[in-house]
Amino acid sequence: MARIALASSASYVDDSELDLLRRAVGNLGHDVTVEVWDDDAVDWHDFALTVIRTTWDYTDHHDEFLAWTRRVPRLRNRSDVIAWNTHKTYLRDLARLGCPVIPTAWDVTDQDTLAKHAEAWGVDADATEWVVKPAVSAGSRDTARWTDTDDALTHSRALVESGRTAMLQPYVDSVDAHGETAVLFVGGELSHAVVKGAMLAPGEGIRDDRDSREKITPTTASDAQVDVARRALRAAGEALGGGLDLLYARVDLVAGPDGAPQVIELELTEPSLFLPYVDGAAERFASAVTSAVNSLGRV
Ligand SMILES: Nc1ncnc2c1ncn2[C@@H]1O[C@H](COP(=O)(O)OP(=O)(O)O)[C@@H](O)[C@H]1O
Ligand SMILES: [Mg+2]
């Protein structure tokens, strides 16, 4: 028996996946509690393992959150992983290390630069839709799909002017028909996969809510999807110097123009793991928790 903390945030302590996980870990004999990451009354040294879960308010407190991850002993995923993974510039590392990712431009604020990127990506700037989003974000917050390049640039400029890093991508059309596929790894092993429906509707402007319209369907990831997902994890290991000891990982993939999978997001921080949708997934996660506790040494 070990004391395990599932780290949450004040607004997200009530969550069905968190409940399921707490029960599954508890069923293995551990003393598991949900703790709020920025609650000063919690002594994180008391826990044999702290697992980051529904800390979804961190995007408004990024520095404070990273400082917290450095203070918590026996944290999964580890603080160096979190520092790298909470800023989507990690996509550059993945691309540099040979993993296919959605074409992305950073801090674009003028038409000429946008036109140059469009040309390099082989897309027609007037016919394509665009996605603009901040590099530190979760749950589609401050994210929008634009038809007009002026609107996309206005959004991107506003992010840059408020001191954030802005991302600009062509809207990947296949998402409307086929959604994105999330490939889940638990304790380093492939566990399960789901399809998530499209999140961004044309003409709706900038989104502020969290995953409220996610439509989730369990699926079996194709060999090509598993291959790209594994490449993303290998690249993460290379970028960070190896031995990441990931308790959980989610690789979100979309089908690019030629149908081949591209990474839209690598989630090593606080992903929904879609445990309630797949039989046995919560139990697999619970046994990976036990293995992590055993390898870290009990307190
Ligand atoms: N380039 C894109 N093409 C199509 N859909 C996109 C694109 N970028 C984002 N989206 C949609 O917006 C959602 C949120 O974007 P994402 O990059 O996953 O950031 P986060 O989940 O961290 O907010 C995705 O789940 C997807 O539905
Ligand atoms: Mg996402």
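This is a predicted model: local features need pLDDT of at least 70, side-chain atom pairs count only at pLDDT 80 or more; totals for chains, interfaces and linings use all residues.
User: Where is the place of Asn-77?
Analyst: Residues are numbered from 1 along each chain as its sequence is written, with chains lettered from A and ligands numbered from 1 in the order in which they are written. Asn-77 is joined to Arg-76 by a cis peptide bond, with omega about -10 degrees. Taking helices (H or I, at least four residues) and strands (E, at least two) as DSSP runs numbered from the N terminus, the place of Asn-77 is in the loop between strand S4 (75–76) and helix H3 (79–85).

User: What is the phi of Asp-245?
Analyst: Asp-245 is found in the loop between helix H8 (223–240) and strand S12 (248–255). Although this residue is not a glycine, its phi is positive, near 55 degrees.

User: How many residues apart in sequence are the parts that the pair of Trp-44 and Trp-68 ties together?
Analyst: Rings of Phe, Tyr and Trp (its six-membered ring) pair if their centres lie within 6.5 Å, and planes under 30 degrees apart count as stacked, over 60 as edge-to-face and the rest as tilted. Trp-44 and Trp-68 form an edge-to-face pair, at 5.2 Å centre to centre and 75 degrees between the planes. Trp-44 lies in the loop between strand S2 (31–36) and strand S3 (49–52) and Trp-68 in helix H2 (residues 62–71), so the parts tied together are apart in sequence by 24 residues.

User: How far from an oxygen atom of ligand 1 is a polar backbone atom of Ser-140?
Analyst: Among the 18 residues around ligand 1, those that come nearest include Lys-88, Lys-133 and Ser-140, where a residue is near if one of its heavy atoms lies within 4 Å. A polar side-chain atom of Lys-88 lies 2.6 Å from an oxygen atom of the ligand, and an N or O atom in the side chain of Lys-133 is also 2.6 Å from a ligand oxygen. For the polar backbone atom of Ser-140, the distance to an oxygen atom of ligand 1 is 2.6 Å.

User: How many nonpolar residues does the shell around ligand 1 hold?
Analyst: Ala, Val, Leu, Ile, Met, Phe, Trp, Tyr, Cys and Pro count as nonpolar, Asp, Glu, Lys and Arg as charged, and the others, Gly among them, as polar. By this rule, the shell has 4 charged residues, 4 polar ones and, as nonpolar residues, 10.

Note on methods. Side-chain values use heavy atoms; hydrogens and water are left out. A polar contact is a pair of N or O atoms within 3.5 Å; within protein, one must be able to donate a hydrogen and the other to accept it, and residues adjacent in sequence count only if both atoms are side-chain atoms.
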